[in-house]
Amino acid sequence: SVGSKELDSLRKENRDIGYKGFVDNVKDAFPVETEDSVINGVSVQWVRRRRGGASQVDEQQENDAGDACDTVVFFLYGGASVVGGPDDDLSMTARLAHLLAPAPVCVPRYRLAPEHPFPAARKHSESAK
């Protein structure tokens, strides 16, 4: 069994290894912006297509529609509810934000096991809806 020390180490390695330049590279490939906020006590990352990060046709549609959008994409990152965070799946959420604009993507930072056993991650995520 994996103890909390080993799990903390795994989480730190997961963050450190993949993040050097990863987030900036994704944001360059898919012109998006991220913003952190809190919804009902749950920290979330919002991913939106950056203004001017679209084709001329897409920009015209954005201008016609304004910034109003009734749709939000609710995305739960991978990691088996044990490791990870929104930046781990930024390549996926950036694509979604880019393709589904003007709908933003909301990624909750749900509680992780084993510190918060099942169904804590699900319940915590649902609180952000």
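Reply: Happy to; below we go from the overall fold to single residues.
Reply: This is a predicted model, in which local features need pLDDT of at least 70 and side-chain atom pairs count only at pLDDT 80 or more, while totals for chains, interfaces and linings use all residues. Residues are numbered from 1 along each chain as its sequence is written, and side-chain values use heavy atoms, with hydrogens and water left out.

Me: Great. How many helices and strands does the protein chain have?
Reply: The protein chain has 5 helices and 4 strands. These are DSSP runs numbered from the N terminus, with helices being H or I of at least four residues and strands E of at least two. From the N terminus, the order is α-α-β-β-α-β-α-β-α.

Me: And how much of the chain is buried?
Reply: Of its 129 residues, 30% count as buried. Buried means under 20% relative accessible area, exposed means over 50%, and partly exposed is in between (1.4 Å probe, protein chains only).

Me: Let's look at β4. Which way do its residues point?
Reply: Strand β4 covers residues 105-108. Val 105 and Val 107 point one way, Cys 106 and Pro 108 the other, and all are buried. In a regular strand, side chains alternate between the two faces of the sheet.

Me: Which strands pair with β4?
Reply: Strand β2 (residues 42-49) runs antiparallel to β4, joined by 4 bridges, and Val 44 stands opposite Pro 108. Strand β3 (residues 73-74) pairs with β4 in the parallel sense over 2 bridges, with Val 73 and Val 105 as bridge partners. Pairing here requires at least two DSSP bridges between the strands.

Me: Okay, what about the largest nonpolar core?
Reply: That core has 14 residues, and Val 47, Tyr 77 and Val 105 have the most contacts inside it. Helix α4 and strand β4 each supply at least two residues, and α4 gives the most, with 3. Apart from this core lies another, of 5 residues, including Val 44, Trp 46, Cys 106 and Ala 128. A nonpolar core is a set of buried Ala, Val, Leu, Ile, Met, Phe, Trp, Tyr and Cys residues joined through side-chain atoms within 4.5 Å.

Me: You mentioned Cys 106. How many disulfides are there?
Reply: The structure holds 0 disulfides, where a disulfide is a pair of cysteine sulfur atoms within 2.5 Å. Cys 106 is buried because its relative accessible area is 2%, whereas Cys 69, at 31%, is partly exposed.

Me: Switching to α5: is His 124 buried or exposed?
Reply: His 124, in helix α5 (residues 120-127), has 11% relative accessibility, so His 124 counts as buried. Leaving aside neighbours within four places in sequence, His 124 contacts Gly 41, Val 42, Arg 109, Tyr 110 and Arg 111. Contact means heavy atoms within 4.5 Å.

Me: And Ser 127, what does that touch?
Reply: Ser 127 is in helix α5 too, and touches Ile 39, Asn 40 and Val 42, not counting residues up to four places away in sequence. Ser 127 and Val 42 are 85 residues apart in sequence and 6.9 Å apart in space, C-alpha to C-alpha. With a relative accessible area of 32%, Ser 127 is partly exposed.
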